[in-house]
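Have a look at the sequence and the model, and then let us walk through them together.

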Amino acid sequence: MRGVITGREVVSNLGLIYREFGASCVVRCLWVLVSGKSTTFLEVACHRER
């Protein structure tokens, strides 16, 4: 288990991510992919506004 999300995993599971975690999580996942940062899905899904 790598833990780091990949573009292919996010795109193939967009519906599930949206349904379970909401639109803001989808946007954060896509932002991480565009920015090229290496992060885990848990960090993205449990993101809190500061």
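How many aromatic pairs does the count come to? The rule takes rings of Phe, Tyr and Trp (its six-membered ring) as a pair if their centres lie within 6.5 Å; planes under 30 degrees apart are stacked, over 60 edge-to-face and the rest tilted. By this rule, the count is one aromatic pair. Its partners are Phe21 and Phe41, in an edge-to-face arrangement with 5.1 Å from centre to centre and 75° between the planes. Phe21 belongs to helix α2 (residues 14–21) and Phe41 to helix α4 (residues 41–45), so the pair ties together parts that are 20 residues apart in sequence.

A word on the ground rules. This is a predicted model, in which local features need pLDDT of at least 70 and side-chain atom pairs count only at pLDDT 80 or more, while totals for chains, interfaces and linings use all residues. Residues are numbered from 1 along each chain as its sequence is written, and side-chain values use heavy atoms, with hydrogens and water left out.

**The overall picture**

The chain has four helices and zero strands, where helices (H or I, at least four residues) and strands (E, at least two) are DSSP runs numbered from the N terminus. The radius of gyration is 10 Å, close to the 10 Å that the globule rule gives for 50 residues, so the chain is as compact as a globular protein of that length. That radius is taken over C-alpha atoms, and the globule rule is 2.2 Å times the number of residues to the power 0.38. Along the principal axes, the C-alpha atoms fill a box of roughly 25 × 20 × 20 Å.

How much of the chain is buried? Buried residues make up 22% of the 50 residues. Here buried means under 20% relative accessible area, exposed over 50%, and partly exposed in between (1.4 Å probe, protein chains only). Some residues of interest compare as follows:

| Residue | Relative accessible area | Class |
|---|---|---|
| Arg8 | 73% | exposed |
| Phe21 | 43% | partly exposed |
| Cys25 | 1% | buried |
| Phe41 | 23% | partly exposed |
| Cys46 | 52% | exposed |

**Helix α3**

Helix α3 (residues 23–35) has 13 residues and reaches 18 Å from its first C-alpha to its last, close to the expected 18 Å; the expected span is 1.5 Å times one less than the number of residues. Its buried residues are Cys25, Val26, Arg28, Cys29 and Val32. Seen down the axis of α3, these fall within an arc of 165°, so they line one face of the helix; the arc is that of the directions from the helix axis to the C-beta atoms. They pack against α1 (7–12), α2 and α4. The face turned away from the buried side carries the exposed residues Val27, Trp31 and Val34. Just after α3, Gly36 takes a positive phi of about 80°.

**The cysteines**

The structure holds zero disulfides, a disulfide being a pair of cysteine sulfur atoms within 2.5 Å. The cysteine sulfur closest to that of Cys25 is in Cys29, 4.3 Å away and too far for a bond. Cys46 is in no disulfide either, as the nearest cysteine sulfur, that of Cys25, is 8.6 Å away.

How values were computed:
Contact means heavy atoms within 4.5 Å.
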